[in-house]
Amino acid sequence: MNVAQRVAIVTGGGGGIGGALVARLAREGVRIVVADLDADTARAVSESVNDDHPGSTVSAGADASDTAQIQQLIDLAESAFGPVDLYFANAGIAGAPGLGASEQDWDLSIDVNLRAHIRAATLLVPRWLERGEGYFVSTASAAGLLTQIGSATYAVTKHAAVGFAEWLSVTYGDRGIHVSCLCPMGVNTGMLSLGKDSGDALGQAATRAVTSAGDVLEPAEVADAVLAAIEDERFLILPHEEVLDMYRHKGSDYDRWLRGMRRYQSSLLAQANFPSLPIRSSDVAV
């Protein structure tokens with residue numbers, strides 16, 4: 001897909017990957033609604049991008065998991081720029097570590113990391129089918145293909161986000177609806193340090209798992225990978241190419257992979273208590 005002159009909505013656009021996507025899309029001539037739960041950060045990103053690309057964005061404070069507010073974003077896009085061509089379901093939350101997550105924690109994670117995607121697609125796909133084209137980009141995580149040490153709410157909802165993106169592609173891919181699913185590992189955003197600062201050993205292990213498994217990329221690098229995938233209309237976006245090898249190892253011998261992940265988790269928990277303890281290559285599932 002050539003994105004020039006298209007209209008997009010980016011949720012979670014007030015910083016991190018979302019903010020980088022807004023800047024990258026504007027460079028390609030896309031007109032964008034920048035949406036974020038924090039209206040001030042959405043406005044700041046919008047104003048910064050408009051300094052370089054005047055009139056390319058508008059902003060809104062919105063809960064991307066609320067159907068009525070998603071509809072308001074669609075209405076804003078249509079009034080400012082025209083019908084929505086691309087929707088970036090990028091808003092997400094990390095979730096609490098361990099089985100101590102409350103029912104409210106689970107509900108919030110499911111709403112933001114999964115139902116937000118379902119609700120947006122439910123509103124947009126019928127319109128796209130009438131027009132014969134549309135593009136849905138789901139920000140999931142490498143945790144959606146592998147898993148997440150620490151947070152069950154994150155691991156489960158990101159698996160579900162990948163599953164929903166797959167379903168969308170299978171169901172509507174031959175009818176003009178393009179779908180891509182972004183599954184990065186460590187990205188230099190505020191979410192990366194949440195586990196480290198949680199005061200919980202499992203949360204600290206979760207951060208170490210991400211930062212030790214591969215390079216920590218800048219959001220702009222991830223945005224470049226997303227735009228390249230859209231241009232190719234490619235489903236799986238892996239800014240960390242090694243994730244594909246890990247995924248293949250997982251599928252080739254699930255029990256071996258689970259044993260390796262348990263060893264890896266044990267080594268990370270040991271580090272939480274003894275920071276000088278190194279990770280041995282034998283601890284990592286390969």
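**View A. A positive patch on the surface.** Patches are made of residues with over 30% relative accessible area and no salt bridge, with like charges joined within 9 Å. In this predicted model, four arginines gather in such a patch of positive charge: Arg-256, Arg-259, Arg-262 and Arg-263. Arg-262 is part of helix H9, which covers residues 254-273.

**View B. The open sheet.** The sheet has 7 strands and is open. Its order reads S3-S2-S1-S4-S5-S6-S7, and the pairing is parallel. Strands of a sheet pair through backbone hydrogen bonds. Which strands stand at the edges? They are S3 and S7 (236-237). Each has a single partner strand, so one side of each is left without a neighbour in the sheet.

**View C. Strands S2 and S3.** Strand S2 spans residues 31-36, and strand S3 spans residues 57-61. The two run parallel, joined by 5 bridges.

**View E. Strands S4 and S5.** S4 takes in residues 86-89, and S5 takes in residues 134-139. They pair in the parallel sense, over 4 bridges. Phe-88 has its bridge partner in S5, namely Val-137.

How values were computed: Residues numbered from 1 in each chain as written. Predicted model: local features only at pLDDT ≥ 70, side-chain atom pairs only at ≥ 80, totals over all residues. Heavy atoms only, no water. Patch = residues over 30% accessible without salt bridge, like charges linked within 9 Å, V, L, I, M, F, W, Y side chains within 5 Å. Areas by Shrake-Rupley, 256 points an atom, 1.4 Å probe, with all protein chains shown as cover. Salt bridge = Lys/Arg side-chain N within 4 Å of Asp/Glu carboxyl O. Lys, Arg positive; Asp, Glu negative; His and termini not counted. Charge placed at Lys NZ, Arg CZ, Asp CG, Glu CD. Pairing = 2+ DSSP bridges.
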